[in-house]
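Subject: A structure for you to explore

Hi,

Here is the structure I promised to pass on to you. Have a look at it first, and then read my notes below with the model open beside them.

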Amino acid sequence: MKPTVRKVLIAAAAALAGVTVVQAPAAAYGPTANSLGCRIYFSDAGTGSSATVWSDTFTLTQSPATPKPGQTVTVSFTAAAGSTNGPVGLTAGSVPVLVTVGISGSQTGTVTLNQANYPSTAVAAYAKLGGFTATGSFVAGSVGSLDLTVKQIKFANTTASTYCSGAGDRDHKAAPADTTIVQPVTVFDGGATITSITGQTGVAAARAGNTINFSVTGLTPNASLTASLTDTSGGGTGDGSGTGTTGADGAGTGSIAVPAGAVTGDRAVAVSDGTNTVLVSITILGTPAITITPAGGGAGTVVTVKGTSFNPGSTVTVRGYKALTGAPPPPATSDAAVTTTATATGGITASITVNDPTTAWIGASSGQLFALAAWVPSADSCIAATGTVDGECDLTYELSQTVTAGSLAQSRGSGSSAITFDGVTLNGTAQIATADLPVINVTDYRGSTFGWDLTAEVTDFTGVPAGTIPADALTWTPSCVAHTGATNLVTATAGAAGEKVNAGTLCKGPENTAGTGGSFDASAELALAVPGLQLAGTYTATLTLTLS
């Protein structure tokens with residue numbers, strides 16, 4: 001089976017959900033799993049109560065990654081899942097978030113980050129408030145290194161504000177402790193400029209074989225420089241190997257030759273003194289290419305020609321060409337040629353009128369650089385016969401219809417997220433409590449040959465005031481039928497009767513090379529084995545159904 005969609009329905013409320021950890025971006029704290037300590041403050045007064053631990057995945061970033069003195073720095077703090085709500089539902093926007101971030105090192109102070117519209121939608125009791133991003137800004141000071149530290153987070157509900165800071169139980173409002181969410185920042189005032197490029201008239205673009213000459217300022221005095229061609233952020237595998245030096249004032253010069261096979265497009269010359277790296281934008285030109293609009297037509301058609309990777313500032317001639325029978329360029333047609341000048345990054349735009357019926361290509365040339373795009377003459381008319389003889393001719397049309405794929409989805413009836421088993425009265429013997437899993441409708445409108453699985457995971461049943469019934473005590477008898485009135489391409493099958501729910505299959509749609517799809521209703525009879533000497537209490541668990 002090749003799954004293309006993954007969705008999850010939660011069938012009963014439980015405790016804090018897990019957090020997905022994703023790969024951290026460069027120059028950022030996180031995303032990293034971390035835990036904070038929190039207390040709730042009614043009317044924002046007192047020392048707080050209801051101590052809790054907020055476990056989440058947090059990210060702290062700043063932009064630009066390496067600010068200059070006096071530059072405005074935007075700081076963003078993201079929580080992936082948000083904290084869990086208490087016993088009272090919340091309306092959208094009723095809990096603004098304020099994040100206090102300390103600045104230490106070469107610059108000191110604080111910056112407050114805000115997210116006013118939180119939660120983004122209404123949240124039920126004991127549900128996750130959802131992820132958020134709070135932002136704020138400060139002005140970078142002098143050159144140096146500083147740390148951004150998350151000191152305190154306030155969920156500013158007017159009735160009961162919650163304050164969070166470093167892990168542990170304390171008065172998080174009046175005596176917060178710095179968290180371990182720390183992002184180092186370097187304030188740097190160096191720079192680089194391209195002074196000339198051999199073989200080019202400008203300084204914005206170069207191609208393999210050209211040498212890029214550069215100058216730098218603000219780097220380490222009397223340093224040896226290295227240079228390479230990187231992506232625009234200074235990352236990726238570098239192309240080429242350039243060198244240079246700085247003087248006593250940190251200014252200097254150097255050069256780098258563009259190697260054969262260098263990555264083309266928007267790039268950067270990255271110059272390093274071994275500690276600091278400065279970037280300057282450059283376009284690396286590749287093989288010239290053109291596109292034409294339209295790609296065909298009859299006599300008199302005006303064609304827009306766009307091209308890339310010509311030498312900046314060069315004169316480019318655009319004209320029509322006959323069918324290619326040998327090495328390019330092919331013979332020119334009688335279409336009037338036009339000329340245009342390449343931009344600073346090697347782009348061209350021109351218009352040419354095609355009249356010659358032998359035109360099979362539109363071409364652009366500049367010196368030894370040449371590019372072609374195929375031209376298709378129009379066939380919008382024909383002559384069946386001339387004079388008194390019989391004849392015929394054909395006009396053809398290409399018909400097309402786009403069929404857009406839908407989705408693989410599951411849904412349940414409104415209000416069917418809580419399942420209550422029939423109660424049992426302890427009598428010294430094991431008993432079976434039963435309940436029904438309401439109908440879940442699975443729809444597969446992907447227009448594919450893929451199958452699907454509807455599987456389950458269940459947690460242990462946790463009792464109040466105490467006690468546990470293991471997850472493996474829950475079994476089911478699944479049912480899976482076609483939805484009433486549905487036309488299905490396959491027949492879905494139910495999981496095994498009496499199978500443990502945990503890691504069990506509720507319903508399965510098979511693969512089919514002729515196509516899958518349809519609407520299916522899945523349900524189950526649930527059976528919970530309650531030991532004869534189980535601790536009395538109210539037991540809850542979370543059943544998660546996963547469609548994949």
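Let's start with glutamine 152, which counts as buried because its relative accessible area is 13%; buried means under 20% relative accessible area, exposed over 50% and partly exposed in between, with a 1.4 Å probe and protein chains only. Glutamine 152 sits in strand E8. Strands (E, at least two residues) and helices (H or I, at least four) are DSSP runs, numbered from the N terminus.

What lies 2.7 Å from a polar atom of the side chain of glutamine 152? The backbone oxygen of histidine 172 does. For a polar contact we ask for a pair of N or O atoms within 3.5 Å; within protein, one must be able to donate a hydrogen and the other to accept it, and residues adjacent in sequence count only if both atoms are side-chain atoms. Leaving out residues up to four places away in sequence, glutamine 152 also touches several others, among them Leu98, Val99, Tyr163 and Pro176. Contact here means heavy atoms within 4.5 Å.

A word on how to read all this. The model is predicted, so to speak of local features we need pLDDT of at least 70, and side-chain atom pairs count only at pLDDT 80 or more, while totals for chains, interfaces and linings use all residues. Residues are numbered from 1 along each chain as its sequence is written, and side-chain values use heavy atoms, with hydrogens and water left out.

The pLDDT is the predictor's confidence in each residue, from 0 to 100. Its mean over the protein is 89, and 93% of the residues reach 70 or more. Over residues 1-26, though, the pLDDT is below 50; this stretch has 71 contacts in the model beyond near neighbours in sequence.

Now to the cores. A nonpolar core is a set of buried Ala, Val, Leu, Ile, Met, Phe, Trp, Tyr and Cys residues joined through side-chain atoms within 4.5 Å. The largest one has 34 residues, and those with the most contacts inside it include Trp54, Phe77, Leu148 and Phe155. Among the elements that give two or more residues to this core are strand E2 (28-42), strand E3 (49-63) and strand E8 (144-155). Which strand gives the largest share? That is E8, with 5 residues.

Not counting residues up to four places away in sequence, its contacts include Trp54, Tyr118, Phe132 and Cys164. There is also a second, separate core of 32 residues, which includes Val442, Phe461, Leu474 and Ala524.

Next, the charged pairs. Side chains of opposite charge can pair when their charged atoms come close. We call it a salt bridge when a side-chain nitrogen of Lys or Arg is within 4 Å of a carboxyl oxygen of Asp or Glu.

- Aspartate 169 and arginine 39 meet through their side chains at 2.8 Å, N to O. Aspartate 169 is in the loop between strand E9 (160-165) and E10 and arginine 39 is in strand E2, so the pair ties together parts 130 residues apart in sequence. Aspartate 169 is exposed at 54% relative accessibility, whereas arginine 39 is buried at 15%.
- Aspartate 239 and arginine 267 form a salt bridge at 3.3 Å, N to O. With aspartate 239 in strand E15 (residues 239-246) and arginine 267 in strand E17 (residues 265-272), the pair ties together parts 28 residues apart in sequence. Both aspartate 239 and arginine 267 are buried.
- Aspartate 444 pairs with arginine 446, their closest N and O atoms being 2.9 Å apart. Aspartate 444 is buried at 2% relative accessibility, and arginine 446 is buried at 6%.

Finally, some backbone details. A cis peptide bond joins tyrosine 118 to proline 119, with omega about -5°, and proline 119 lies in the loop between E6 and E7. Another cis peptide bond joins valine 464 and proline 465, where omega is about 20°.

Aspartate 44 is not a glycine, yet its phi is positive, at about 60°. Is aspartate 44 in a strand or in a loop? Aspartate 44 is in the loop between E2 and E3, and it is partly exposed at 26% relative accessible area.

Happy exploring!
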